[in-house]
Amino acid sequence: MADPIELPKKLKAQGWKVKVYDNERLEPPHLTLICRERVWRIGLRDREFVVPPGGRWKDVDPEVRAILEREWQTLCDAWDEKHPTNPVTSEEDEDDGDEG
């Protein structure tokens with residue numbers, strides 16, 4: 001499986017990877033961020049850490065975070081392509097609560 005975004009060689013050498021896995025279609029949309037043995041899951045809808053609970057952006061390399069922010073739509077598109085029945089933007093998300 002190809003990575004949804006290309007990280008610079010320097011970051012790859014440090015062990016950073018960004019994944020959108022095929023086998024997680026029933027879970028809320030998220031990306032998996034890996035740095036050697038550390039793994040984070042970050043929700044694509046709210047940009048909050050799912051794993052580990054209470055995860056913090058300060059634990060993520062600032063350059064990696066900047067790339068994620070810049071490429072967020074690409075990551076969302078990658079999820080939607082792999083999981084069309086569980087898209088990042090759902091009808092519930094589009095409903096802003098103004099019901100008449």
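1. A residue is called buried when its relative accessible area is under 20%. Please keep that cut-off in mind as you read, and remember that this is a predicted model. Trp-16, with a relative accessible area of 6%, is buried because that value falls under 20%. Trp-40 is buried too, at 2%.

2. These two residues also meet each other. Across the whole structure a search finds 2 aromatic pairs, and one of them joins Trp-16 and Trp-40 in a stacked arrangement, with 5.6 Å from centre to centre and 10 degrees between the planes. The partners sit 24 residues apart in the chain: Trp-16 belongs to strand S1 (residues 16-19) and Trp-40 to strand S3 (residues 38-43), so the pair links distant parts of the chain.

3. Now for Phe-49 and Trp-57. Their ring centres lie 5.0 Å apart and their planes stand at 65 degrees, so this pair is edge-to-face. Phe-49 is buried, with a relative accessible area of 12%, and Trp-57 is buried at 15%.

4. Helix H3 (residues 72-82) is worth a look next. Which of its residues are buried? They are Trp-72, Leu-75, Cys-76, Ala-78 and Trp-79. Because they cover an arc of only 155 degrees around the axis, they fall on the same side of H3. In general, an α-helix has 3.6 residues a turn, so residues three or four places apart point the same way.

Conventions: Residues numbered from 1 in each chain as written. Predicted model: local features only at pLDDT ≥ 70, side-chain atom pairs only at ≥ 80, totals over all residues. Heavy atoms only, no water. Phe/Tyr/Trp six-rings, centres within 6.5 Å; stacked < 30°, edge-to-face > 60°. Helix = DSSP H or I, 4+ residues; strand = E, 2+ residues; numbered from the N terminus. Buried < 20%, exposed > 50% of the residue type's maximum accessible area, 1.4 Å probe, protein only. Arc of directions from axis to C-beta.
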